[in-house]
Amino acid sequence: MKILLTNDDGYFAPGIQALAKVLAKEHELVIVAPEEEHSGQSHAITIKHSMIVKPVEIDGVEAEAYSVSGTPADCVRAGLDKLVPWKPDVIFSGCNAGYNAGMDIIYSGTVSAALEGVLSGIPSVAVSAEWVKGQCRYDTAASVAKKIFDKVQGPFLSLAKPMVLNINVPYLDEEALKGLRVADIGDNAYDFYFEEEVDGERRLSLRGRSITEHAPGTDRYFLERGYVTATPVIYGMADRAEMDRLKSWLDE
């Protein structure tokens with residue numbers, strides 16, 4: 001199988017290294033990833049200046065690899081248009097340092113890179129590992145993500161409308177995981193901004209109190225209980241019923 005691998009933490013990040021090692025064992029792999037970290041960039045693209053592309057090496061991975069001086073979405077776009085010699089069967093994005101669960105998926109460069117693949121008609125997988133005191137179990141996340149993909153790849157790759165499979169993996173040994181749950185998208189992880197004054201200049205820093213109670217059935221609910229979560233994600237389309245209702249308002 002032909003796979004394009006990207007991330008939002010940079011081509012040098014240990015998460016992409018772990019995922020590349022697992023995928024390269026059985027699949028043809030090309031890596032196109034940002035030259036520096038782009039966490040929280042969502043689906044930003046570069047339009048005001050040129051991007052620099054460089055061939056790079058990733059420790060322990062024998063695969064063609066490039067860095068791009070752009071965003072995660074840029075990497076997928078550039079990869080598909082100029083750098084990858086074939087159309088990928090699937091795009092992987094990750095392993096991200098920290099969960100992409102709940103409303104975080106809106107801001108996630110990892111998920112947005114995968115969604116860029118979907119925009120090009122290619123099914124994609126986003127993989128994220130829980131961040132605990134500066135550490136992630138990338139080995140667990142990469143192994144679990146591959147096993148999930150192996151199990152669903154037949155029907156997943158043949159979907160008439162491609163989607164992103166968003167996978168989150170707790171900071172645990174693989175044997176200690178409680179299992180897998182297909183989960184709805186949960187809520188926010190934090191509940192406020194913190195405002196502070198510095199030298200007479202008004203500055204706002206994104207801070208928040210962690211929300212520990214999450215709705216049953218959601219990704220955050222299951223992750224807190226030691227389960228891996230898998231969530232199908234697609235770009236939102238105009239809602240037909242709401243379009244009809246809007247028309248009725250405008251026609252009045």
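Helix H2 (residues 72-83) buries Pro72, Ala73, Asp74, Cys75, Val76, Ala78, Gly79 and Leu83, where buried means under 20% relative accessible area with a 1.4 Å probe, protein chains only. This is a predicted model, so local features need pLDDT of at least 70 and side-chain atom pairs count only at pLDDT 80 or more, while totals for chains, interfaces and linings use all residues. Residues are numbered from 1 along each chain as its sequence is written, and side-chain values use heavy atoms, with hydrogens and water left out.

**Helix H2**
- The buried residues of H2 pack against strands E1 (2-6), E2 (28-34), E3 (53-55), E4 (64-68) and E5 (90-97), plus helix H4 (109-119); helices (H or I, at least four residues) and strands (E, at least two) are DSSP runs, numbered from the N terminus.

**The cores**
- A nonpolar core is a set of buried Ala, Val, Leu, Ile, Met, Phe, Trp, Tyr and Cys residues joined through side-chain atoms within 4.5 Å.
- The largest one has 37 residues, and Leu5, Leu19, Ile31, Phe92, Val125, Val127 and Ile167 touch the most other members.
- Helix H5 (138-157) is among the elements that each supply at least two residues, and H5 gives the most, with eight.
- A second, separate core of 14 residues includes Leu4, Val30, Cys75 and Ile122.

**Two residues to look up**
- Leaving aside neighbours within four places in sequence, Ile167 is in contact (heavy atoms within 4.5 Å) with Val125, Ala126, Val127, Ser128, Ala145, Ile148, Val228 and Thr229.
- Ala142 sits in helix H5 and counts as buried because its relative accessibility is 0%.
- Not counting residues up to four places away in sequence, Ala142 touches Ala18, Leu19, Val22 and Cys95.

Conventions. Expected span 1.5 Å × (residues − 1). Buried < 20%, exposed > 50% of the residue type's maximum accessible area, 1.4 Å probe, protein only.
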